[in-house]
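Here are my notes for you, written as numbered points. Keep the model open while you read, and click on each residue as it comes up.

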Amino acid sequence: MHLRHRRVKPPQSARAILQQISEVVHNPIRDRFELWVAGDLVGVLSYAVDDETAPPTATILHTVLYDEYSGHGLATRLTDEAMAFMRTNGLRVRPICSFTRHYLHSHPAAAAVA
């Protein structure tokens, strides 16, 4: 007798698990937002604030994520948190980072701060 094994889908995808165990932390001393997964720093979004403009402008310099964590929506989560901070603090956003420019183009609601 030959038994067929059905491949059972896991209850959660790797993407969902990574989203649950990741945390975005604002590090104002280093002018960046950090993405932590299970206690490891896996990505950063760095910025510089120009207080001499009205309203103050945050220039998003770059977003970096370790390759093994890309493709799971973590850079988007990191950028979501940064944009929420900018909006809450009345900062205008000037994206130099290509990922952030793409993000703002793809998320019009977040672009309200740009």
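1. Ground rules. This is a predicted model, where local features need pLDDT of at least 70, side-chain atom pairs count only at pLDDT 80 or more, and totals for chains, interfaces and linings use all residues. Residues are numbered from 1 along each chain as its sequence is written, and side-chain values use heavy atoms, with hydrogens and water left out.

2. Names of the parts. Helices (H or I, at least four residues) and strands (E, at least two) are DSSP runs, numbered from the N terminus. Strand β1 covers residues 22–27, and strand β4 covers residues 57–65.

3. Ring pairs. Rings of Phe, Tyr and Trp (its six-membered ring) pair if their centres lie within 6.5 Å; planes under 30 degrees apart count as stacked, over 60 as edge-to-face and the rest as tilted. How many aromatic pairs does this rule give? The count is 2. In one of them, the ring centres of Phe33 and Tyr47 are 5.7 Å apart with the planes at 45°, so this pair is tilted. Phe33 sits in strand β2 (residues 32–37) and Tyr47 in strand β3 (residues 40–50), so the pair ties together parts 14 residues apart in sequence.

4. Phe33 again. Phe33 and Phe85 make an edge-to-face pair, at 5.5 Å centre to centre and 65° between the planes. Phe85 belongs to helix α2 (residues 74–88) while Phe33 is in strand β2, so this pair ties together parts 52 residues apart in sequence. Put together, ring pairs link Phe33, Tyr47 and Phe85 into a cluster.

5. Which of these rings are covered? Buried means under 20% relative accessible area, exposed over 50%, and partly exposed in between (1.4 Å probe, protein chains only). Phe33 is buried at 3% relative accessibility, and Tyr47 is buried at 6%. Phe85, at 26%, counts as partly exposed.

6. The core. A nonpolar core is a set of buried Ala, Val, Leu, Ile, Met, Phe, Trp, Tyr and Cys residues joined through side-chain atoms within 4.5 Å. The largest one here has 24 residues, and Phe33, Ile60, Met83 and Met86 have the most contacts inside it. At least two residues of this core come from each of β2, β3, β4, α2 and α3 (98–106). Which element gives the most to this core? That is α2, with 6 residues.

7. Contact means heavy atoms within 4.5 Å. Not counting residues up to four places away in sequence, Ile60 touches a list of residues including Leu45, Tyr47, Met83, Met86 and Thr100. Thr63 lies in strand β4 and is buried, with a relative accessible area of 19%. Leaving aside neighbours within four places in sequence, Thr63 is in contact with Val44, Leu45, Leu78, Cys97, Phe99 and Thr100.

8. Asn27. What does Asn27 touch, not counting residues up to four places away in sequence? The answer is Arg32 and Glu34. A polar contact of 2.9 Å joins the side chains of Asn27 and Glu34 (a pair of N or O atoms within 3.5 Å; within protein, one must be able to donate a hydrogen and the other to accept it, and residues adjacent in sequence count only if both atoms are side-chain atoms). Asn27 is in strand β1 and is buried, with a relative accessible area of 17%.

9. Finally, check the peptide bond from Ala54 to Pro55, which is cis with omega near -5°; Pro55 lies in the loop between β3 and β4.
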